[in-house]
Amino acid sequence: MTNLDHGKFTGMTTTFHTLLALDVFILFFSGYGMMFNDELWWLVTLMGGNTGVTAVHRIAGLGLVALIVFWMLMMLTTSTGRSNFREILMGPDDIAAMIQDIKFVLGMADERHSNARQFAGYNSDEVPLLSYVGKGVVYIFSVELLLLTISGLLIWSKTGVMQYFATKTAAMAFVVFHGLLGVIMLMGVMFHIFEHGFHPAFYPVEVKAFIPRKLIPEEHADTDHDSTGISQLGLAPSWGWATNVMGVLTVIGIVSVLVGSIFDEGYPVPRELVVGGGPTDLLLTVGINIGILVLFIGMALQMYGNLLRVRWQKQLAEEARTTAATDGGQVNDH
Amino acid sequence: MNRSLPETRDYSGLAIAVNAVIAIAVTAVVVWLASGFAFNAEALFRVGPTVEAGGIGADWRAGNTIPALDFLIAFVHAADVLMGIFILVMVFVHWGAFRRLASRMRQPGEAARYESDAVADGGRAVSSRASDSGDDAPDPRGDDR
């Protein structure tokens with residue numbers, strides 16, 4: 001009885017999600033290595049210093065442009081893409097789901113709204129492809145990535161931006177704008193990692209984005225039950241402390257990059273050494289590094305998700321072979 | 001469908017964790033040694049982002065004659081702060097919701113609540129031994145602890 005048979009991605013979407021995530025992580029590591037270079041000097045050094053880090057950022061930027069263009073084409077030219085596009089449209093139910101989530105935490109509601117559910121359970125028909133948070137993530141990330149790409153390309157082409165804005169200093173403003181714009185996404189990705197890695201039913205990673213729809217058998221059993229079926233799942237022993245640690249790290253990371261972004265708005269990588277520049281606050285340095293740690297954990301979790309897919313595929317292949325080999329005889333239990 | 005996997009032996013999680021931590025620590029010391037025990041942040045590229053410090057941030061602000069760009073940056077600052085607060089609220093809401101959901105789940109070591117309902121998808125696999133012990137608990141809805 002599979003109770004997770006709704007709200008799953010296609011094979012292409014899972015691959016795209018992985019590539020986009022890797023690309024965006026590289027952009028974060030290089031971009032915020034530059035912007036928060038006081039706090040993340042080691043990232044800049046790791047990527048080859050001043051020249052290397054900008055090169056990494058630009059190559060990953062090119063990758064992002066390619067991915068965005070690819071995705072837009074897929075959404076426009078395929079019927080699956082068009083129907084998936086309808087799935088992400090926001091409705092009044094999504095607002096209701098957000099309000100009910102707050103009530104749920106405060107004990108004023110017994111269940112999460114169906115538009116908030118990540119876990120399908122027995123009433124699986126009520127679970128949408130994306131929760132209200134999932135839709136919000138798609139909206140915010142889409143707008144952010146588009147604006148970041150446009151401003152990034154303008155910065156890249158210095159003569160191009162100066163042509164529009166007349167002075168070099170005005171062009172510099174675009175660098176600041178670009179860096180600050182990404183902060184929303186940086187904070188959002190930290191939340192995204194927490195949300196999809198630490199749901200008690202899916203911990204340590206929600207496989208929706210890694211195991212494609214076609215690899216998961218669909219069954220609709222146990223329609224007698226009226227609950228989400230979550231009480232049937234066993235909680236992992238490490239969930240409690242792991243989620244508390246990750247929650248604390250996520251909150252510190254978000255607060256720190258937010259505070260850091262208020263200070264660090266200058267041109268990211270100076271041509272010359274400016275001694276003692278920027279806030280050298282130890283707390284901020286620790287906090288921003290914790291934020292980067294959250295991103296590293298996210299990257300590890302997404303690699304783990306892909307590993308689960310590979311293992312799952314192997315298991316299915318193994319089962320298919322075993323079943324075929326033993327047809328008409330004993331099941332070869334090994 | 002045969003879902004059993006071959007028995008495989010593995011190293012203990014504790015051994016892996018301890019050795020990983022030691023390996024990372026040794027690596028860090030080796031790198032530090034290789035860099036001549038340098039602990040000199042001043043030698044690294046830095047930026048003076050504030051106007052007072054005279055960093056390059058001051059450059060564009062002093063030289064910028066387009067008020068629209070100043071507004072744009074102030075606007076994104078505001079958007080960052082508002083979205084940051086909103087995202088923090090969402091983190092706390094989900095953290096809380098997850099805790100409530102977790103309290104409804106079968107706790108570690110607890111037997112399955114329905115003999116026939118061993119759900120192996122998404123959560124921990126329910127072992128057949130746990131199912132056999134047959135804890136026929138009543139409707140588990142609303143059992144928040």
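Modeller: Here is one spot, followed by the chains around it.

This is a predicted model, in which local features need pLDDT of at least 70 and side-chain atom pairs count only at pLDDT 80 or more, while totals for chains, interfaces and linings use all residues. Residues are numbered from 1 along each chain as written, chains are lettered from A and ligands numbered from 1 in written order, and side-chain values use heavy atoms, leaving out hydrogens and water.

Let's start at His94(B), which lies in helix H3 of chain B (helices are DSSP runs of H or I with at least four residues, strands are E runs of at least two, both numbered from the N terminus). His94(B) counts as buried because its relative accessible area is 0%; buried means under 20%, exposed over 50%, and partly exposed in between, with a 1.4 Å probe and protein chains only. What does His94(B) touch beyond its neighbours within four places in sequence? Its contacts there are Asp101(A), Arg112(A), Tyr132(A), Val133(A), Phe191(A) and Glu195(A), a contact being heavy atoms within 4.5 Å. Back along chain B, Ala68(B) is 26 residues from His94(B), and their C-alpha atoms are 38 Å apart.

Within chain B, helix H3 (residues 67–104) has the highest mean pLDDT of the elements, 90, whereas helix H4 (residues 128–132) has the lowest, 40; pLDDT is the predictor's confidence in each residue, from 0 to 100. Residues 1–8 of chain B are below 50, with 16 contacts in the model beyond near neighbours in sequence. Residues 115–145 of chain B also stay under 50, and the model has 69 contacts for them beyond four places in sequence. For chain B as a whole, the mean pLDDT is 63, and 39% of residues reach 70 or more.

Now over to chain A, which has 10 helices and 0 strands. His113(A) lies in the loop between H5 and helix H6 (132–156) of chain A, and counts as buried because its relative accessibility is 14%. Setting aside neighbours within four places in sequence, His113(A) is in contact with Asp93(A), Ala96(A), Ala97(A) and Gln100(A). A polar atom of the His113(A) side chain also lies 3.0 Å from the backbone nitrogen of Asn115(A).

Another loop of chain A, between helix H4 (79–87) and helix H5 (92–105), holds Met90(A). Met90(A) counts as partly exposed because its relative accessibility is 39%.

Further along chain A, the loop between helix H8 (168–197) and helix H9 (239–263) holds Pro204(A). The peptide bond from Tyr203(A) to Pro204(A) is cis, with omega near 10°. In general, most peptide bonds are trans. Ile216(A) is also in the loop between H8 and H9 of chain A, and counts as buried because its relative accessibility is 15%. Ile216(A) and Gln313(A) are 97 residues apart in sequence, yet their C-alpha atoms are 9.8 Å apart.

As for chain A overall, 55% of its 334 residues are buried. Of its contacts between residues at least 6 apart in sequence, 79% join residues at least 24 apart.

Conventions: Polar contact = N/O pair within 3.5 Å; in protein donor to acceptor, adjacent residues only side chain to side chain.
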